[in-house]
Amino acid sequence: MLAAASDTPSNASPAPRNQPQLQHCRECGHPFYAARKDQEFCRPKCRQDWHKRRYERGAALYDFAMEWRGKRLKGGFTRLCQMIDEWLRDERERKVRNKAMRNGGKHD
């Protein structure tokens with residue numbers, strides 16, 4: 001079956017038989033043909049943005065854990081859950097944007 005016009009990847013040359021099928025970027029949702037089996041991002045900026053967000057969240061979690069344990073903060077578990085809930089909301093919004101991208105949106 002042919003890909004829909006909205007699924008035109010940025011590197012639109014057809015994938016050879018031994019290459020994976022059309023994939024969608026883990027960060028932005030843009031369709032692309034992977035050059036490697038393990039490729040998850042359509043371009044370096046998307047890969048960098050994804051890793052930067054993970055790094056920043058890890059640093060925030062570390063800072064919070066040190067403060068929570070060091071100062072024996074009350075309500076620390078509640079604050080931790082709120083932090084994670086915020087990240088989950090962000091990920092759900094990202095998935096909605098990615099789905100919109102797959103359905104014909106423009107690449108950033």
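Hello everyone, and thanks for coming. Please keep in mind that we are looking at a predicted model. The average pLDDT for the protein is 81, and 77% of the residues reach at least 70. Let me point out the start of the chain, though. Over residues 1-5 the pLDDT stays under 50, and the model gives that stretch one contact beyond four places in sequence. Where pLDDT is low, the predicted coordinates should not be read in detail.

Let's go to the core. Which residues make up the largest nonpolar core? There are eight of them: Cys 25, Cys 28, Phe 32, Ala 34, Phe 41, Cys 42, Cys 46 and Trp 50. As general background, nonpolar side chains in soluble globular proteins tend to be buried together. Take Cys 46 from that group: setting aside neighbours within four places in sequence, Cys 46 touches Cys 25, Glu 27, Cys 28 and Phe 41.

Now for the aromatic rings. How many aromatic pairs does a search of the whole structure find? The search turns up two. One joins Phe 41 and Trp 50, in a tilted arrangement with 5.5 Å from centre to centre and 50° between the planes.

Staying in helix 1, have a look at Arg 53. Is Arg 53 buried or exposed? Its relative accessibility is 12%, so Arg 53 counts as buried. Beyond its neighbours within four places in sequence, Arg 53 contacts Glu 27, Asp 90, Glu 91 and Arg 94.

Arg 94 brings us to helix 2, where it is one of the buried residues, along with Gly 76, Leu 80, Met 83, Trp 87, Asn 98 and Met 101. What covers them? Helix 1 is part of that cover. As for length, helix 2 has 27 residues, 76-102, and at 1.5 Å a residue it should span 39 Å; its end C-alpha atoms are 39 Å apart, so the two values agree.

Conventions:
Residues numbered from 1 in each chain as written. Predicted model: local features only at pLDDT ≥ 70, side-chain atom pairs only at ≥ 80, totals over all residues. Heavy atoms only, no water. Phe/Tyr/Trp six-rings, centres within 6.5 Å; stacked < 30°, edge-to-face > 60°. Helix = DSSP H or I, 4+ residues; strand = E, 2+ residues; numbered from the N terminus. Expected span 1.5 Å × (residues − 1). Buried < 20%, exposed > 50% of the residue type's maximum accessible area, 1.4 Å probe, protein only. Contact = heavy atoms within 4.5 Å. pLDDT = per-residue confidence, 0-100. Core = buried A, V, L, I, M, F, W, Y, C linked by side-chain atoms within 4.5 Å.
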